[in-house]
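Q: Could you walk me through how to read the places where parts of a protein meet, and the spaces left between them?

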Amino acid sequence: MEESIIVTREGYEKMQNELEELKTVKRQEVSEKLKVARSFGDLSENAEYDAAKEEQAQLEERIAKLENNLRIAEVVSEQDMKQNIVNIGSTVKFSVKYPDGESEEKTVVIVGRTESNLAEGKMSNESPIGKALMGAKKGQKVDVQVPDGIAKVKVISTKF
């Protein structure tokens, strides 16, 4: 049995929208590219045809991956959340003190691994800090194993 993936409602809808876009718009675009490339004649030496076939293969692979992710997705809802406890979908403000003495404060949304994007402030619940934060409460301190030792993380606030 396949392991489910945990996603927020937003993440689930984003996957659905991408899948719809790929199946309707992108498939049509690739189909047109193939049609045009075929019109150039000899397919054995047709770079445009080869490129379009490669794009088609990548597109179909992405569609299959999205369909599978949607099939095994477990959407967390607000009812699943316990107030002031870090969980999937929580916005968490925390401070980190690294082993080298440096420290920083961050605010992230805890998401499932398929939604993770630190540039957008979305941290996976499976990352070292994300995993340590899961279940923590405001004011709680947790230790996180990092490559050069133990980082001290303190939850400043959490909300859903």
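A: About 670 Å² is buried between domain 1 and domain 2, with carbon and sulfur atoms giving 57% of that area; buried area is the accessible area (1.4 Å probe) that two parts lose on being put together, summed over both. On the domain 1 side, I5, I6 and T8 lose the most area to domain 2, together 53% of what that side buries. This is a predicted model, in which local features need pLDDT of at least 70, side-chain atom pairs count only at pLDDT 80 or more, and totals for chains, interfaces and linings use all residues. Residues are numbered from 1 along each chain as its sequence is written, and side-chain values use heavy atoms, with hydrogens and water left out.

Q: Which residue forms a salt bridge with K122?

A: A salt bridge is a side-chain nitrogen of Lys or Arg within 4 Å of a carboxyl oxygen of Asp or Glu. Here E10 forms one with K122, the closest N and O atoms being 3.4 Å apart, and the count between domain 1 and domain 2 is 1 salt bridge.

Q: Where do the bounds of the domains lie?

A: Domain bounds come from an automatic or database domain assignment, which for this protein gives domain 1 (5-76) and domain 2 (85-159). Their centres, taken over C-alpha atoms, are separated by 34 Å. The contact (heavy atoms within 4.5 Å) takes 9 residues from domain 1 and 10 residues from domain 2.
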